[in-house]
Amino acid sequence: MKDLTRYRNIGIFAHVDAGKTTTTERILSLTGKIHKIGEVHDGEATTDFMEQEAERGITIQSAAVSCEWNEHRLNIIDTPGHVDFTVEVYRSLKVLDGGVGVFCGSGGVEPQSETNWRYANDSRVARVIFVNKLDRLGADFYRVTKQVQDVLGAHPLIMVLPIGTEDDFTGVVDLLTRKAWVWDGSGDPLKYTIQDVPADMVDDVEEYREKLIETAVELDDDAMEMYLEGEEPSMEVIKACIRKGTKKLQFFPTYCGSAFKNKGVQLVLDAVVDYLPNPVEVDPQPLVDAEGNETGELAYVDADKPLRALAFKIMDDRYGALTFIRIYSGRIEKGTNILNTFTGKTERVGRIVEMSAEDRIELDSAQAGDIVAILGMKNVQTGHTLCDPKFPATLEPMVFPEPVISIAVAPKDKAGAEKMGIAIGKMVAEDPTFQVETDEDSGETILKGMGELHLDIKIDIMKRTHGVDVVVGKPQVAYRETITEKCEDSYTHKKQSGGSGQFGKIDFLIEPNEPGEGFAFECKVTGGNVPREFWPAVEKGFRTSMDKGVLAGFPCLDVKVTLLDGAFHAVDSSALAFEIAAKGAYRQSIPKAGPQLIEPIMAVDVFTPDDHVGDVIGDLNRRRGMIKSQESGVTGVRIKAEVPLSEMFGYIGDLRTMTSGRGQFSMEFGHYAPCPNNVAEVVIKETKEREAAK
């Protein structure tokens, strides 16, 4: 029986280029998992094992690694920072108990840091903070901790102070022990000495130490009383208080260092063990019914309870499909059968492996608290619950955002068609935000994703990993349609052609729903003019019609339909007749309700050096952008804006040209908003021409 109190399931997450993967490499080196440290900029990082990751120096897939530190087992997930892959962060946070938020010492709290932090707050994940890259020009630990407070609204609990800055950064002072950890210039993480606090830092250390202890003892009345009487509680009591506050998300123990130069990482590992919760301490997972509503039952982390596990990632590699699972309760053994509650089918557990990035260690069994991968699962997808067939239960599933951009692809030759189908099938299973559909009229394959980079990399994986050459069309925006006016109307469906006929009459009101609320249906029929058994058919007719708008055939959003009255025939009326009546009513009435084209508006976050601010703002205005805010920092200015997606294609190239390669940006879907008439006319015309050409 494993001791779960010695487990830590943690994720490392941050903005692009804050040093998450490098930090993971250093952790693996210190814990003895790897002997040669791979560098991200050389394309040799252990967890960045995809060609595309190695080349671009970014993390695309979250990689799972297990290692040991101070007799504790750490399951670490290194997540991507780029906004197009935020879903990887989201699904990783869903199965973690704690996290390490990495911030760049010079860049500070960057755009994507906010999104990741928000996700972690939503998932109630306890975190420690690591301010990295303190050896860089412009790095300032105190400025970054203030940004964490101001921008993220979080309370950083400062645990160490840096010794020196930029090129002179040599180590850190541990406030609790009042000891300085000083590394030599060799870059070896183990070549450090523990010394007394440098004379010029004594006053600062005492000031910050007092703040630290005052904050910690607030979580324990006895410790608080002792402290107010002038007696300092023991180190064990202070650490227990910090652990308690960290688990409650009241504050976040904050460390600093330089992962690249191997300085300060040991203290972060100690903090993971000392302050982040083990699997038994986090809130148990709620169970849900078939509709996704909580049943009130909970899956407690206990190896003796029935099996409850969540598949949080599917990965296809040279050994076959790997299904990553987090086991919440019970145990799983090689050769046994487990039930997938989503499909209702049982599957046999072939091999269980513990992952160390690309390497794997075969296991005979795994238990509650473990994060492992299973080989050979056939029909399991991200978010599915795996459980004991005798005790079926469903864990809360994951909800993924809808794609906002699409492109058409076609194989270069006939031979590639089958290969492309297989490749896309595997990629869709791996990534829930990557979707595919076939245009019925033209037979084109349409790929949908979260952004240009997302689809770029998918095409790249198709070419290199799966050897499929494809011709790629122009990116298309996921426009939608809605209505702006109320329309009360009536529609009768009547068909008589020998034998029993079809009859259904409905009186209804169509009106705009609140933005973001989707389709709603209400029935106010009294007196049985439309019998109750036909109401669902009317709703179904309207709901399925919403897939195709009347302006350009885009799905119609945010519409409310109220069934007011109608009539039926004792012989000729049926559910089908009323469904057809609802479809006819939709076609007849939506054009009268002020149909309008709406477009996806992206929340864009741009970082630019001071001397290019005017150019960047001017360019965003030309792109129909609405500037929301501007914040000046030490290294440049952050501009937040809302810009239509259709105007953002190729933006990264233009931004780099404008800012001499120093600008950065991230964007995520914000909301849908009405298209200006001139834009709507062009989109509708182009869509109709495309349809006609098919």
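N262 is buried, at a relative accessible area of 7%; buried means under 20% relative accessible area, exposed over 50% and partly exposed in between, with a 1.4 Å probe and protein chains only. N262 is not a glycine, yet its phi is positive, at about 65 degrees. The residue sits in the loop between strand 11 (252-256) and helix 9. Helices (H or I, at least four residues) and strands (E, at least two) are DSSP runs, numbered from the N terminus.

The model is predicted: local features need pLDDT of at least 70, side-chain atom pairs count only at pLDDT 80 or more, and totals for chains, interfaces and linings use all residues. Residues are numbered from 1 along each chain as its sequence is written, and side-chain values use heavy atoms, with hydrogens and water left out.

E166 lies in the loop between strand 7 and strand 8. With a relative accessible area of 27%, E166 is partly exposed.

Two strands pair if DSSP finds at least two bridges between them. Strand 9 (residues 179-183) and strand 10 are joined antiparallel over 4 bridges. W183 has Y192 of strand 10 as its bridge partner.

Axes are lines fitted to C-alpha atoms, for helices over the stretch in contact, and angles run from 0 to 180 degrees between N-to-C directions.

Helix 9 also packs on helix 8 (residues 235-247), at an angle of about 80 degrees and with the axes 9 Å apart. Helix 8 is therefore roughly perpendicular to helix 9. That class covers 65 to 115 degrees; angles under 35 degrees count as roughly parallel, over 145 as roughly antiparallel and the rest as oblique. Helix 8 contributes K239, I242, R243, T246 and K247 to the contact, and helix 9 contributes V273, D274 and Y275. Contact means heavy atoms within 4.5 Å. By class, this contact has 3 nonpolar, 1 polar and 4 charged residues. Ala, Val, Leu, Ile, Met, Phe, Trp, Tyr, Cys and Pro count as nonpolar, Asp, Glu, Lys and Arg as charged, and the others, Gly among them, as polar.

In soluble globular proteins, nonpolar side chains tend to be buried together. A nonpolar core is a set of buried Ala, Val, Leu, Ile, Met, Phe, Trp, Tyr and Cys residues joined through side-chain atoms within 4.5 Å. The largest such core has 71 residues, of which V100, M159, I242 and Y255 touch the most other members. Helix 9 (residues 265-275) gives the most to this core, with 8 residues. Leaving aside neighbours within four places in sequence, V100 is in contact with I10, G11, I12, F13, V128, F130, V268 and V272. Another core lies apart from it, with 45 residues that include I407, M420, V477 and M602.

A further open sheet has 4 strands in the order 31-32-34-33, with mixed pairing. Strand 31 (487-495) and strand 33 (520-523) stand at the edges; each has a single partner strand, so one side of each is left without a neighbour in the sheet. The twist again averages 25 degrees from one strand to the next. Strand 33 and strand 34 (residues 559-567) pair in the parallel sense over 4 bridges. F521 is bridged to V561 in strand 34. Helix 13 (residues 575-589) lies across strand 31, strand 32 (502-512) and strand 34, at about 40 degrees to strand 32.

Strand 30 (residues 480-483) runs antiparallel to strand 35 (residues 595-608), and 4 bridges join them. R480 and T482 point one way from strand 30, E481 and I483 the other, and all are buried. In a regular strand the side chains alternate between the two faces of the sheet. The bridge partner of E481 in strand 35 is L597. The C-alpha atom of L597 is separated by 9.2 Å from that of E681, 84 residues apart along the chain. E681 lies in helix 16 (residues 677-693). At 56% relative accessibility, E681 counts as exposed.
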